Amino acid sequence: MELFQYPYMQRALIGALVIGLAAPALGIYLVQRRLALIGDGVGHVALTGVGAGLLLNRSPVLVAVIAATIGAVAIEIVRARGRTSGDLALALLFYGGIAGGVLLVGLSDATSANLNAYLFGSLTTISPADLTTIAVLGAAILVTMIALRPALFAVSHDEEYARVSGLPVRTLNLLIAVATAVTVTIAMRAVGVLLISALMVVPVATAQQVTRGFRSTMAAAMALGLFAAGTGVWVAATADTAPGASVVLVAIASFLVVAVAGGVWRTLRRRTTPTAAPTPEPHEVVLS
Amino acid sequence: MTTPVITVEHGVVGYDGRPVLRDISLTVTAGEVVAILGANGSGKSTLIRAVLGLVPISAGSVTLFDRPLRRFRQWARIGYVPQRLGAGGGVPATVREVVASGRLARRGVLRPPGRADRAAVDAALLAVGLADRAGDPVSTLSGGQQQRTLIARALAGQPELLVLDEPTAGVDAASQEAFAGALRDFVADGGTVLLVAHELGPLRPVISRAVVVHEGRIAHDGAVPDPAGHHAEPDHDHVHPHCYDEPAGLWSN
């Protein structure tokens, strides 16, 4: 516990908590529109931004935000077109992104430890300036995702209906794309580009096993994200493990616990309250 | 009551160069209940999707409430009921949450729901007989109840025109009756309806005009045609019985 007296550990904890709260708030919309792995794709593209930033001696996070936004918007345009070549275009973008990142980092003076920090996260090296960026952008994502929930829900749930409702469907889709890019970039510092999708998706997957509605799923997923981030950083500090990986493993462990407990509970309930055999609907036609 | 609500003039729609609708002209005036009939693949669903701007027309024009479709913005006046609810990515949503989406056209994106919104959602749930299922996840509902959820979503927006795509396809008899009742109430309050159907069933008395689409053209526009063949038998309601008794197999217990 005394580790948390050090400012760098406090920053790591606060940064992780902000991301743990914001990532599932966005992730629920991505899961709903079957784009659970989009965060991975955007992360790959963000890596090119990191490489470019390191090479040009500019803030890697800032350049990564720009690269990730361009990538996310490109993915959204490919998705909206809905053509069969879409997944190939995505593959080109993903692998182009990560190859570009590795190449550019290699060209710069950065070491492989530097590259690792972005691939797998480096919570303990968060500077006070980084923390401000994470907190401001994280709060912006959180407020947007909660305030626009009815509209974002409608667009993610039934895009055609949303269009006939006169909602600005294209703008809302681009908003989700940009929010994904921003979330990926701030979470890159915490869990790394290779693990970012986990924080967006796993808490949602855990929550939806026990919830009944969208709103309750969102609240539960955010609580689970917060729990995973806090517990993960604590485990990392006490057991000296990699913080990013610890956070993700706590999230996955929660998923398994809820999945097993939910299964056991459903079985028990079925046994204690034996439901009568389902009564068939009355015949609507008589077959002779 | 002769204000045109929907006007299609010489509408042509094609998918990938293959024409689906060739030269369609259709006018629906306020207070009418128009059924678009036709065989599968005749282009009847495409026609209403073109009216709503979900598929682009390659020639001709569509006018909604006296405004060209391109410049039409008063979407709150229209309630759209698609054929079925998309499965989504598995994130649960309650019946009430889905129906509440119907208020967005009226409320806009930024304004949080108020008392009028909640009252309209309650009324819509009541109209389709789902008030007691409001808190249940839509995925636990039967196909017919899901269809009623979509109708409630459209009604919640308090539209003047309802556009429905095969609202009774594969829907159980109880839901068909509930739906016919909701539609009657809507029309009695002065609403206009354009619906696509394969089979009219209990809706038949509500329909004021039928349009038959055949191979992308309008083959009939006027009185509801009498059903032919075995469809004409009095007790035929085109609801297929479900299979109750599955054959005993490896997985049955």
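In what order do the six strands of the open sheet in chain B run? The views below are taken from a predicted model.

**View 1. The open sheet of chain B has mixed pairing.** The six strands follow the order β6-β7-β8-β3-β9-β10. β6 and β10 (217-222) of chain B are the edge strands; each has a single partner, so one side of each lacks a neighbour in the sheet. From one strand to the next, the twist averages 15 degrees.

**View 2. Strands β7 and β8 of chain B pair in the parallel sense.** The pairing joins residues 161-165 of β7 to residues 192-196 of β8 over five bridges. Leu164(B) has Leu195(B) in β8(B) as its bridge partner.

**View 3. Chains A and B are in contact.** Chain A contributes 33 residues and chain B contributes 32 residues. On the side of chain B that touches chain A, at least two residues come from each of β6 (78-81), α2 (95-100) and α3 (104-107) of chain B. This side of chain B comprises 19 nonpolar, eight polar and five charged residues.

**View 4. Arg34(A) lies in the loop between α1 (7-32) and α2 (38-56) of chain A.** Although Arg34(A) is not a glycine, its phi is positive, at about 60 degrees. Arg34(A) has 14 other C-beta atoms within 10 Å and is therefore partly exposed.

**View 5. Glu215(B) lies in the loop between β9 (209-214) and β10 of chain B.** Glu215(B), which is not a glycine, has a positive phi of about 50 degrees. With 14 other C-beta atoms within 10 Å, Glu215(B) is partly exposed.

Definitions and conventions
Residues are numbered from 1 along each chain as its sequence is written. Chains are lettered from A and ligands numbered from 1 in the order in which they are written. This is a predicted model: local features need pLDDT of at least 70, side-chain atom pairs count only at pLDDT 80 or more; totals for chains, interfaces and linings use all residues. Two residues are in contact if their C-beta atoms, placed from the backbone, lie within 7 Å. Helices (H or I, at least four residues) and strands (E, at least two) are DSSP runs, numbered from the N terminus. Ala, Val, Leu, Ile, Met, Phe, Trp, Tyr, Cys and Pro count as nonpolar, Asp, Glu, Lys and Arg as charged, and the others, Gly among them, as polar. Two strands pair if DSSP finds at least two bridges between them. Axes are lines fitted to C-alpha atoms, for helices over the stretch in contact, and angles run from 0 to 180 degrees between N-to-C directions. A residue is buried if 20 or more other C-beta atoms lie within 10 Å of its own, exposed if 12 or fewer, and partly exposed in between; C-beta atoms are placed from the backbone.
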